Amino acid sequence: MLARDVVATRALPGFDNSAMDGYAVRAADTETANTETPVVLPVAEDIPAGRTDGPPLEAGTAHRIMTGAALPNGADAVVPVELTDGGTTSVAIHQAPRLGQHVRRAGEDISAGAVALRRGQVLGAPHLALLSALGYATAPVIPPIRTIVLSTGSELVAPGQPLRRGEIYESNGIMLATAVREAGGEAAQLRFVSDDPGEFLHTLRNRAPEADLIITSGGVSAGAYEVVKDSLAQHGVEFLKVAMQPGMPQGCGVFENTPIVTLPGNPVSALVSFEVFIRPALRRAMGLPSVSRPVIKAELTEPVRSPAGKRQFRRGVLDRGRGTVKPIGPPASHHLRWLASANCLVDVPEGSTDLNAGDAVTVWDLESD
Ligand code: AMP
Ligand code: MG
């Protein structure tokens with residue numbers, strides 16, 4: 001994201017140039033040209049794009065010119081090659097050009113001194129192209145937040161490796177790292193660790209100094225072997241229960257000067273928690289626009305049950321055209337397939353336990369910023 005306004009130090013285009021492959025002429029020399037009685041001019045120069053010596057155009061002559069090549073002084077129109085015989089020593093012009101035809105004027109895109117891009121602009125493909133076209137090799141930016149993502153669990157195995165009974169493939173790391181990147185941040189996906197506090201703390205200590213934010217998953221609930229909770233409760237991290245489903249067990253704090261958020265391990269809980277707690281904070285901290293997902297009202301296509309006293313986030317498929325939302329999959333937090341088919345979260349407030357088809361609900365649109 002740009003830290004300051006960027007001013008065009010030069011105009012774009014920087015010089016009058018040809019918009020077509022053809023012939024640079026003086027319009028006055030060719031005003032009688034038509035198919036029956038073409039105007040024939042000697043071709044005095046050949047001007048490919050990039051020719052820098054700029055020979056002027058003498059009256060009564062033409063220069064063969066390519067797209068993007070500087071228009072010679074004296075020329076005031078370009079005749080496209082398709083309207084000529086394409087000659088290289090002399091050229092027959094079959095149609096009279098208008099004055100200024102197919103000429104790109106210096107400064108018609110942006111003039112020198114104009115603000116090209118505003119502070120706060122997120123630099124996507126066209127913005128980087130504009131900066132380069134203006135000659136900027138570097139630009140002042142607010143750097144993205146650097147996040148490290150660390151999954152925990154002795155049952156985890158890297159995809160691609162063989163699995164034994166009781167083991168599962170690790171999937172939160174790539175999910176959360178990608179979610180961070182999609183939110184505009186930088187993410188390093190660390191190799192997951194087992195439920196051994198020594199291994200966990202060793203990895204965190206090694207990698208935390210390079211990060212602005214640590215995100216862990218797993219090991220924060222109420223069982224035994226809760227590696228994150230057991231290791232960090234003494235290190236300034238607060239563990240608490242949030243009245244939401246999924247995503248009840250949460251933790252956050254500062255680990256050795258680096259902010260940390262510890263998400264629950266169930267994949268759906270982890271991603272919903274990311275959406276609710278981390279994504280808005282990340283975007284705000286980076287000064288990005290649209291901190292929250294667009295929130296819209298939609299009509300339920302089927303009933304939804306939600307536990308009393310908990311704010312429930314159900315996966316849904318939003319039909320933007322119809323203004324309806326279909327809740328998909330059960331409320332349980334391990335159903336990755338449904339998570340992967342959803343395009344929204346249905347936000348069911350704490351007080352609502354039974355919603356009917358046709359009821360209006362609040363929906364978080366996950367496909368827009
Ligand atoms: P935990 O929060 O560590 O108790 O984990 C809750 C559930 O999520 C368990 O079924 C774990 O196996 C699963 N889980 C935890 N971490 C991951 C992960 N990184 N990838 C896939 N599943 C996970
Ligand atoms: Mg675990």
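A polar contact is a pair of N or O atoms within 3.5 Å; within protein, one must be able to donate a hydrogen and the other to accept it, and residues adjacent in sequence count only if both atoms are side-chain atoms. The model is predicted: local features need pLDDT of at least 70, side-chain atom pairs count only at pLDDT 80 or more, and totals for chains, interfaces and linings use all residues. Side-chain values rest on heavy atoms, without hydrogens and water, residues are numbered from 1 along each chain as its sequence is written, and chains are lettered from A and ligands numbered from 1 in the order written.

**View 1. Polar contacts of ligand 1.** A polar side-chain atom of Glu 155 lies 2.5 Å from a ligand 1 oxygen atom. A backbone N or O atom of Ser 171 is 3.0 Å from a nitrogen atom of ligand 1. At Gly 265, a polar backbone atom lies 2.9 Å from an oxygen atom of ligand 1.

**View 2. Cis peptide bond at Pro 13.** Leu 12 and Pro 13 are joined by a cis peptide bond with omega of about -15 degrees. Pro 13 belongs to the loop between strands E1 (6–7) and E2 (17–18); strands (E, at least two residues) and helices (H or I, at least four) are DSSP runs, numbered from the N terminus.

**View 3. Cis peptide bond at Pro 246.** The bond from Gln 245 to Pro 246 is cis, with omega near -5 degrees. Pro 246 lies in the loop between strand E16 (244–245) and strand E17 (249–255).

**View 4. Backbone at Tyr 225.** Although not a glycine, Tyr 225 has a positive phi of about 60 degrees. Its loop runs between strand E14 (213–217) and helix H4 (227–232).
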